Structures are given as C-alpha cells and as structure tokens.
Amino acid sequence: MISPISPRSASGHVLEEVTMSRSINDSAGGQICQISQLLCVGPVDPAKYPLPKTRLTLEFLRVSVHFRSRTNMIPAVARICNALAYATHTFFQNYGFLHAHTPIITTSDCEGAGEMFQVTTLISDAEKVKKELIKNPSPSEANIEAAKALVKEKGEAVAQLKSAKASKGEITASVAELNKAKENLSRLEERSKLKPVETYACAIGSVYTFGPTFRAEHSHTSRHLEEFWMVEPEIAFADLKDDMNCAEAYVKFLCQWLPDNCIDDMEFMAKIFDKGSIDHLRMVASMPFERISYAEAIKLLEEAVKKDKKFENKVEWGIDLASEHERFSERYASTFTSVILYCIF
C-alpha cells in the first residue's frame, strides 16, 4: 500500500517507501519480490501512453524500436536466430570446415552484378563513375576468351617476324602489341577472379563464410533480400551432388537443432504463428529431399502452361525461376518432402 503523503527528493521526484511480497506457494513460481524504495517520475497521460492493452503489432514495433526487446516475440526470435547461428558453426566445424572471414565490399565480380551499384565518397564524381561502368562493363567469359585469342595471335605474329629475321623495329613494335594484349587479358582476369573464400578452398580444403552481406542484383522472388546473413560453404574437389548432399545435411541439422535446443521459444512461436511448425521441422529433418533439375522444372512448367495454368512470370528456358514457379515445381514433385532445384550446364 502506498502512502498518499510522501517525502520528495532534492530533484522533486516522489519517493515512496513500499514493501511488496508474493506468497511462496502461489502459482506464479513462488518468487518473492521486496521493494524498499519506489521512484515516481510523474503522472502518465493514458491518451499518450505508447503501450496499448492489446498485443503490440510488428508495424508498431518497427516505429517504437526501443520496445521491441521488451516483448515476448522479439526476444524469442533473437534466441532462435542465436541458436541457428551457433548450430551453423557447429555443423561445419563438426565436418572439418574452416571458418574464413571475407570482405563485404570487394572488386571481385564473379557473378556479374558489379555494374549494378557503386561505392564512392566523392559525390561530385558519382555520375562519372556511373558512366565509366556503363562504358566499361564487367567482362564476360567471351571477353576473356577473345582476349586470350588476341594474345595467342600477337604471340604468333612475333614468332613469325623472328623466324623471318625481320627488322629490329618491326619486332619491337610487335612485342609491344603482344605485351599490351597480355596486360589487357590480365586486367580482365583480375576483374573476374575467384572470390576469396574460393581461393581458400583451393589452398587449404573445405571452408565456409557466415556473416552479413548485401546484393544489388535483380530478383524475381520476394524472399531475396538486399541485406541478409548468408552461409557460403566451399568444398574443394567436389561435384554438384556433393554440394546438394551438404546443403541437405545442413538444413536437416538446423531443423533438428531447434526442437532439441529451443523448444520453449519454438512452442511460443508455434502458438502465435503456425501450430504445425515444430512438426514440420521434425518432418524435414527426418525425410530425404527430392531433387529436380532446372531442365525438368522448366519442362513441368511448360506442360502446365499448355494445360492453361496461368503464371504471372513468363515460362521459357533461361529465366530465373520466380517464387510461383518454385512452389508449383515443389508441389508437383512431392507433397511431403523438401525439394532441391539444381542446374546442370
């Protein structure tokens, strides 16, 4: 009980002498809470108080960020993310992978997305950089092969001049052209070089990188974010089947890890969002994955279109499969197991 007449501190705040206790045999766990001093900052206007009596929505929490960690849901999500990150390292370390740290911003352009964004601290030169990227786009495999062919051609020209005992000036000029062609080839290969994690795999064996990353490439699926955490294993001397086996084992490991180590938070999330989520995780962890090649998926989709199936995105060979294409292929392949779509070139 709080006394209506309370002494004030030097700062003007009200200090209440209060003692609160809870029965040790009650249903709340038997905790005893004792408060000897209560600081009352001031009155609260119910019309302006930011916390409603109803459950806080995600949209509200995006605006009032300082409340996020004080809800039940956000801490549960944080603990689940923490468990998945720990499980990721556990999985790859158990299989002898080395964790490698790679730069987020790099000049490597092995996937051809480098021309889609720029990084500069010189705002006045931004337009100049953009024009340079348009004028000098990232090299393709054809560009590199053409540069190699030019080097070979210039090398043969030098050899012919030497065998024909041409003048020193002609040979010098031909050698200069050969060196220029070699420098151009070197620059192209440098721009399309392997990523650091792949060079590590070629040198020291299986490695993986796990951390924040971003991409600027266009995607037809809403599940592709601009900024996200990504795990990227690289296995030396492996084929596509080995990669798929690794991916399947990793996903199964995570699906089993959550029920085994995060059951309280998973039950809370299941109660709010998806009552069958825990059973789904256990099912994925226990059943083999179906595998469909890109060619098989395109064939399935084209046959569906012939049967008047409507897709928002056009179906033809060479497209990036959109979410609707993936969902249709998964349902057709199997109702009960996960599906891996893969490409063979």
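## Helix α2 against helix α7

Helix α2 (residues 73-94) packs with helix α7 (residues 240-261) at an angle of about 135°. Their axes lie 10 Å apart. That angle makes α2 oblique to α7. The crossing of the two helices, α2 and α7, is right-handed. All of this describes a predicted model.

## Residues at the helix contact

On the α2 side, the contact residues are I80, A83, L84, Y86, A87, T88, T90, F91 and F92. On the α7 side, they are C246, A249, Y250, F253, L254, W257 and L258. The residues of this contact between α2 and α7 divide into 14 nonpolar and 2 polar, with no charged residue.

## The sheet

An open sheet is formed by 3 strands. Their order is β3-β4-β5, and the pairing is mixed. β3 (98-99) and β5 (227-234) stand at the edges. Each has a single partner strand, so one side of each is left without a neighbour in the sheet.

Strands of a sheet pair through backbone hydrogen bonds, either parallel or antiparallel. Here, strand β4 (residues 207-214) and β5 run antiparallel. They are joined by 8 bridges.

Conventions: Residues are numbered from 1 along each chain as its sequence is written. This is a predicted model: local features need pLDDT of at least 70, side-chain atom pairs count only at pLDDT 80 or more; totals for chains, interfaces and linings use all residues. Side-chain values use heavy atoms; hydrogens and water are left out. Axes are lines fitted to C-alpha atoms, for helices over the stretch in contact, and angles run from 0 to 180 degrees between N-to-C directions. Helices (H or I, at least four residues) and strands (E, at least two) are DSSP runs, numbered from the N terminus. Angles under 35 degrees count as roughly parallel, over 145 as roughly antiparallel, 65 to 115 as roughly perpendicular and the rest as oblique. A crossing is left-handed if the near helix is turned anticlockwise from the far one by less than a right angle, and right-handed if clockwise. Contact means heavy atoms within 4.5 Å. Ala, Val, Leu, Ile, Met, Phe, Trp, Tyr, Cys and Pro count as nonpolar, Asp, Glu, Lys and Arg as charged, and the others, Gly among them, as polar. Two strands pair if DSSP finds at least two bridges between them.
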